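Dear colleague,

I am handing over the structure below, and after it I have set out what was found. Please read the notes with the structure open beside you.

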Amino acid sequence: MNKKDILIIEDERAIVRILELEMTYEGYTFDSAYDGKEGLEKFHGSQYGLILLDLMLPEVSGMEVCRKIRKISMVPIIMLTARRDITDKVTGLDLGADDYITKPFEMEELLARIRAGLRHSQIRMTESKQLELSDLTINLLTREVLKQEDSIDLTKTEYDLLEYLMLNKGLVLTRDQIIEQVWGYDFQGDTNILDVYIRYLRSKIDYPYGSKLIQTIRGVGYTLRDQP
Ligand code: CA
């Protein structure tokens, strides 16, 4: 997945422009979104090291954006708030924002917080027990599976199969490899069971969303990837 340093979600174009200039100058890669809905779309489309999030946003509020991001990601979030929004700050921190900065802000202060946030982000990524591919996330500890923002219910075998594919995302796995890993070396049954379970998985994580993450490699096996 596309990786960038910062996602800016802010509807005041003048502020976005200043931030963009500054981020470019500092050598950060970034995207900008001008409302909450666009912000969430961008968030799901790429992987960011840090989110700069305005609270008062059209379409989807900053609070809601924060809540939705926190459900699936520990990415550092710095809220941009107006000085008067004291209760919003508290709510934002309660919802899992890491930091806030009041507008109008000193650029040096914001940059210092961004540097700190990105440092945390790197630590969290190494500690992270989550695997992500496009809009699919699995948690290796809790065995939770999220597609877009839906929690997906999988049976034990479905999960084991998906986890093995996720751990090897982008690689082509042979039918034998998958069966050995998921059903065990001593599996004696009909190997068509693999196709049956692939179909179950697709009906939960692909078909309902019009996506095609699980791909058949004819004559070989399967692979999990974002692109055809
Ligand atoms: Ca605003």
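In what follows, a residue is called buried when its relative accessible area is under 20%, exposed when that value is over 50%, and partly exposed in between. Please bear in mind throughout that this is a predicted model.

By that cut-off Pro 76 is buried, because its relative accessible area is 3%. Pro 76 is placed in the loop between helix H3 (62–72) and strand S4 (77–82). Computed along the chain in residues, Pro 76 and Gln 130 are 54 apart in sequence, while in space they are 15 Å apart, C-alpha to C-alpha.

Next come the aromatic residues, where the structure holds 3 aromatic pairs. In one of these, the ring centres of Trp 183 and Tyr 197 are 5.6 Å apart and the ring planes stand at 65°, so this pair is edge-to-face. Trp 183 belongs to helix H7 (residues 175–183) and Tyr 197 to helix H8 (residues 193–205), so the pair ties together parts that are 14 residues apart in sequence. Both Trp 183 and Tyr 197 are buried.

Tyr 197 also pairs with Tyr 200: their ring centres are 5.1 Å apart and their planes are at 80°, so this pair, too, is edge-to-face. Tyr 197 and Tyr 200 are 3 residues apart in helix H8, and therefore about one helical turn separates them. As for accessibility, Tyr 197 counts as buried because its relative value is 18%, whereas Tyr 200, at 38%, counts as partly exposed. Taken together, ring pairs link Trp 183, Phe 187, Tyr 197 and Tyr 200 into a cluster.

A further contact with an aromatic ring involves a charge: the charged end of Arg 13 sits over the ring of Tyr 34, at 3.7 Å from the ring centre.

Finally, there is an open sheet of 3 strands, which run in the order S10-S12-S11 with antiparallel pairing. Strand S10 (173–174) and strand S11 (214–217) stand at its edges, and each has a single partner strand, so one side of each is left without a neighbour in the sheet. The pairing of S11 with strand S12 (residues 221–224) is antiparallel and extends over 4 bridges. Within this part of the sheet, Gln 215 has Thr 223 in S12 as its bridge partner.

With kind regards

Definitions and conventions:
Residues numbered from 1 in each chain as written. Predicted model: local features only at pLDDT ≥ 70, side-chain atom pairs only at ≥ 80, totals over all residues. Heavy atoms only, no water. Helix = DSSP H or I, 4+ residues; strand = E, 2+ residues; numbered from the N terminus. Buried < 20%, exposed > 50% of the residue type's maximum accessible area, 1.4 Å probe, protein only. Phe/Tyr/Trp six-rings, centres within 6.5 Å; stacked < 30°, edge-to-face > 60°. Lys NZ or Arg CZ within 6 Å of the ring centre and 35° of its normal. Pairing = 2+ DSSP bridges.
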